[in-house]
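Open the model in your viewer and keep the selection panel at hand.

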Amino acid sequence: MNFYTRKWVKPEDLNPNGTLFGGTLLRWIDEEAVIYAIVQLGNPKVVTKFISEINFVSSAKQGDILELGIEAINFGTTSLTMRCEVRNKISRKTILSIDKLVFVNLDEDGNSAPHGKDSITYAYMGIEKTGRDD
């Protein structure tokens, strides 16, 4: 799993218990996952279709630095399925895990559309690299 994004837990992110609001963390995850889907599918018209059970393993508090990890696990005809883990950057303790986030590729009219992808593609220094050994 790749951990690209880091978030710093600030006072405005806290609930009355002094820990990170679950909804704030879910917003961060949804944003990170849709960006990942847009990059992988090469289309800015992508929507969240499904998020499976969310497992809050431990809490985060003010000052913690969190890492959001996203991994593509399946390419459907019109969809991309990922899994997610959020962990504390310093302690490496898992904060949250989600087994399945599904995003759907859309056409110009907002209908689901085939994306033509079947593996992870990274844009690196202007060169397309795939996750396959071609």
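Select Phe 50 and Val 102: in this predicted model, Val 102 of β6 is the bridge partner of Phe 50.

β3 and β6 run antiparallel and are joined by three bridges.

Now bring in strand β5 (residues 79–88). Eight bridges link β5 and β6, again in the antiparallel sense. Leu 80 has Phe 103 in β6 as its bridge partner. Follow the hairpin of β5 and β6 through the five residues between the strands, and stop at Arg 92, where phi is positive, near 65°.

Return to β5 and select Ser 79. Is Ser 79 buried or exposed? Ser 79 counts as buried because its relative accessible area is 17%, and the cut-off for buried is under 20%. Leaving aside residues up to four places away in sequence, show what Ser 79 touches: Asn 74, Val 102, Phe 103, Val 104 and His 115.

Zoom out to residues 1–109, the range that the unreviewed UniProt entry annotates as "domain: HotDog ACOT-type". This span is 18% helix and 45% strand, and its end C-alpha atoms lie 33 Å apart.

Finally, colour by pLDDT. The chain mean is 90, and 90% of residues reach 70 or more. Over residues 123–134, however, pLDDT stays under 50, and the model has 14 contacts beyond four places in sequence for this stretch. Where pLDDT is low, predicted coordinates should not be read in detail.

Conventions
Residues numbered from 1 in each chain as written. Predicted model: local features only at pLDDT ≥ 70, side-chain atom pairs only at ≥ 80, totals over all residues. Heavy atoms only, no water. UniProt positions renumbered as here; feature names shortened; annotations may be inferred. Helix = DSSP H or I, 4+ residues; strand = E, 2+ residues; numbered from the N terminus. pLDDT = per-residue confidence, 0-100. Contact = heavy atoms within 4.5 Å. Buried < 20%, exposed > 50% of the residue type's maximum accessible area, 1.4 Å probe, protein only. Pairing = 2+ DSSP bridges.
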